[in-house]
Amino acid sequence: MQRPFNFSAGPATIAPEVLAQAAAEMLDWPDASGRHSGMGVMEMSHRGKEFQSIYEQAEADLRELLAIPSNFKILFMQGGGLAENAIVPLNLSALRTNAGAQGVADFVVTGSWSDKSQKEARKFSQVNIAANSQADGFTNIPDASTWKLSTQASYVHLCTNETINGVEYHALPDLKALGSDAALVIDFSSHVASRTVDWNRVGLAFGGAQKNLGPAGLTLVVVREDLLGHAMSICPSAFDYKIVADNQSMYNTPPTYSIYIAGLIFQWLKRQGGVAAIEARNIAKAKLLYDAIDGSGFYVNKVHPDCRSRMNVPFFLHNESHNDAFLTGAKAARLLQLKGHKSVGGMRASIYNAMPMEGVVALVNYMREFERTHG
Ligand SMILES: *Cc1c(COP(=O)(O)O)cnc(C)c1O
């Protein structure tokens with residue numbers, strides 16, 4: 001029997017083929033030629049040849065999928081997106097001062113995640129808020145031409161997909177053209193691998209894995225080589241990007257099982273046709289859902305159409321007294337985890353890479369039927 005469709009914002013749904021393969025290999029992982037290791041992946045030394053081959057394949061597949069240039073390092077870390085809110089300033093804020101001193105970082109605040117990031121960065125750097133859309137209820141992205149970038153900033157931080165507010169950048173800013181020499185840092189936790197990335201504009205990208213890349217516990221960092229080696233002297237060694245890079249992410253034990261599952265997801269993505277193909281599917285899925293919301297007098301999404309997220313779609317029932325009935329009926333229709341984030345309310349459908357078009361069709365059909373019976 002087909003599993004229910006799971007719209008969780010994270011940890012989120014994973015393609016059933018990936019889970020089935022992991023289950024089949026749980027007790028005894030076979031290598032690519034089918035030779036049995038006699039061990040599950042969780043039980044392997046991270047330095048043994050079996051896990052090394054898993055690691056190298058995952059890294060190579062990710063580099064290919066995201067077209068990551070050779071002058072960028074791929075780091076597999078721990079701590080999640082929230083730890084990166086501290087790790088990034090510890091590594092980058094002193095780029096333009098010296099390793100002991102705090103530097104300046106610019107933040108564009110477009111939702112809950114970028115707001116959390118700037119608050120954490122204040123512990124390790126001076127923070128300049130270049131723009132903030134809070135007054136608009138985080139429903140838009142202030143035009144880059146209006147950003148008040150600081151001339152001393154080491155980096156500019158954006159959250160390129162605001163998971164809670166449903167706001168996504170559909171193009172990255174060209175900081176040089178805006179008069180800034182800073183490196184662009186993007187938190188791409190909740191839309192990594194859902195679309196192509198313009199690496200010419202990026203200095204560092206980070207993301208937790210549990211939205212689009214697999215289980216919690218793995219944090220991906222992609223960093224341009226010239227940004228390594230500038231960490232503040234108080235930066236913990238395990239979080240110093242240069243030390244992590246020099247040790248191929250094995251300065252300490254990496255999250256081996258999460259890397260293995262992410263690797264299976266990278267291979268699944270390649271079978272889907274790669275990131276450009278999945279992006280086309282994501283565009284079609286998002287259009288179907290937004291069109292259904294906009295075309296009804298019953299549901300509403302408040303985000304400005306040109307920055308609506310393809311991954312996270314918050315929506316409200318005009319008559320909020322129907323919220324509980326909507327969620328109960330959704331569960332009965334095998335549509336799970338649609339409740340909105342507590343800070344926003346309403347509903348949220350997260351439609352990551354692993355959500356098939358049939359899941360969105362089922363959701364839209366349910367929404368129409370609910371409107372017919374409650375409208
Ligand atoms: C989920 C998420 C995070 C936080 O990740 P944790 O792994 O919980 O620390 C950070 N940023 C964004 C945009 C997210 O969606």
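Q: Is D115 buried or exposed in this predicted model?
A: In this predicted model, the relative accessibility of D115 is 13%. A residue counts as buried when its relative accessible area is under 20%. By that cut-off, D115 is buried.

Q: Which residue forms a salt bridge with D115, and how far apart are the closest N and O atoms?
A: Helix α4 spans residues 112–121, and in it D115 and a lysine four residues away are separated by about one helical turn. The partner of D115 in the salt bridge is K119, and the closest N and O atoms are 2.8 Å apart.

Q: How many residues apart in sequence are the parts that the pair D181 and R96 ties together?
A: The side chains of D181 and R96 meet in a salt bridge, with 3.8 Å from N to O. D181 lies in the loop between β7 (167–168) and β8 (183–187), whereas R96 lies in the loop between α3 (80–92) and β3 (104–109), so the parts that this pair ties together are apart in sequence by 85 residues.

Q: What is the relative accessible area of R96?
A: The salt-bridge partner of R96 is D181, and D181 is exposed, with a relative accessible area of 56%. R96, for its part, is partly exposed, and its relative accessible area is 39%.

Q: In which helix do E369 and R372 both lie?
A: The side chains of E369 and R372 meet in a salt bridge, 2.8 Å from N to O. E369 is partly exposed at 38%, while R372 counts as exposed at 60% relative accessibility. The two residues are three apart, about one turn of the helix, and the helix in which both lie is α9.

Conventions
Residues are numbered from 1 along each chain as its sequence is written. This is a predicted model: local features need pLDDT of at least 70, side-chain atom pairs count only at pLDDT 80 or more; totals for chains, interfaces and linings use all residues. Side-chain values use heavy atoms; hydrogens and water are left out. A salt bridge is a side-chain nitrogen of Lys or Arg within 4 Å of a carboxyl oxygen of Asp or Glu. Buried means under 20% relative accessible area, exposed over 50%, partly exposed in between (1.4 Å probe, protein chains only).
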